[in-house]
Amino acid sequence: MLISSPELDPQHRVRQHRAAVDAARQAGVGVIVYTSFLSADTEPSGLTAAHHATDQALSAAGVPHTLLRHPFYSEAFLNPGLKAAVDAGELTDGTGGRGLNTASRDDLAEAAARVLTEDHHVSRAYDFTGPLWTYPQLAEALTRVTGTPVVLRERPDRLPDAQGWLEDQVRAGALERQTDDLQRVLGRPATTLEEAVAALFGARSN
């Protein structure tokens, strides 16, 4: 299994990935499973540039491979920072109410384990997405799970750095693509927003 490098520079990242692919080929590895990113097959620039180049390197190497194209992790949005929103009774939102197709790390890890241990995934490409959710739905889920009323407030100003860029992507509808690939590989529904919030707050979802 080739897990994509945390290196942010695309050129360095591609060099690392190609070195891993070449080493696997020379060692006679039978199948490579690579953690790619959604739309890497159709958008060879920006965030997906290194993944697109790695997809091409895998094809050129001639080694059977499987691509696991991940969405953004749910944990980038659903994390302990939400406890402050519950304490304040207010959740701020800069996404314009658009949908997010995130998936939990646990679901993606389980899917990868299934792909690695089952025989029918070779030479497949999976576009993983979780159930679509929105910030208005998140405010409602926080209220139900914690029993504390949480209201949604639109934030007029843009957050700085990576978080602001990520919100821009959501507002543009870039995270609304949906497939059933993750559910099919897992053999069960992917973790819902309600379940994720309940786990975060140590509660039981309905």
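Biologist: In which helix is Glu-167 found?

Modeller: Glu-167 is found in helix α6. Helices (H or I, at least four residues) and strands (E, at least two) are DSSP runs, numbered from the N terminus. This is a predicted model, where local features need pLDDT of at least 70 and side-chain atom pairs count only at pLDDT 80 or more, while totals for chains, interfaces and linings use all residues. Residues are numbered from 1 along each chain as its sequence is written, and side-chain values use heavy atoms, with hydrogens and water left out.

Biologist: Is Glu-167 buried or exposed?

Modeller: Buried means under 20% relative accessible area, exposed over 50%, and partly exposed in between (1.4 Å probe, protein chains only). Glu-167 has 7% relative accessibility, so it counts as buried.

Biologist: What does Glu-167 touch?

Modeller: Contact means heavy atoms within 4.5 Å. Not counting residues up to four places away in sequence, Glu-167 touches Gly-94, Thr-95, Arg-155 and Leu-159. Glu-110 is another matter: from Glu-167 the spacing is 57 residues in sequence and 27 Å in space, C-alpha to C-alpha.

Biologist: How do I read the three-stranded sheet, and what is its strand order?

Modeller: Start with pairing: two strands pair if DSSP finds at least two bridges between them. Here the order is β1-β2-β4, in an open sheet with parallel pairing. β1 (32-37) and β4 (125-127) are the edge strands, each pairing on one side only. From one strand to the next, the twist averages 15 degrees. For angles, axes are lines fitted to C-alpha atoms, for helices over the stretch in contact, and values run from 0 to 180 degrees between N-to-C directions.

Biologist: How many bridges link β2 and β4?

Modeller: Three bridges, in the parallel sense, link β4 to β2 (residues 65-70). Leu-68 has Tyr-126 in β4 as its bridge partner.

Biologist: Which strands does helix α2 touch?

Modeller: Helix α2 (residues 49-61) packs on the sheet and touches β1 and β2. Its direction makes about 155 degrees with that of β1. Helix α4 (residues 105-117) also packs on the sheet, touching β1, β2 and β4. The direction of α4 makes about 170 degrees with that of β2.

Biologist: Now strand β3. Which of its side chains point to one face and are buried?

Modeller: Leu-91 and Asp-93 do, in β3 (residues 90-93). β3 runs parallel to β5 (residues 151-154), with four bridges joining them. Leu-91 stands opposite Leu-152 in β5.

Biologist: Which phi value does Ser-39 have?

Modeller: Phi of Ser-39 is near 75 degrees, which is positive in a residue other than glycine. Ser-39 lies in the loop between β1 and α2. With a relative accessible area of 16%, Ser-39 is buried. Asp-161 is not a glycine either, yet its phi is positive, about 60 degrees. Asp-161 is found in helix α6 (residues 161-171). Asp-161 is exposed because its relative accessible area is 66%.

Biologist: Last one: where is Ile-3 found?

Modeller: Ile-3 is in the segment before α1 (10-26). Ile-3 counts as exposed, at 59% relative accessibility.
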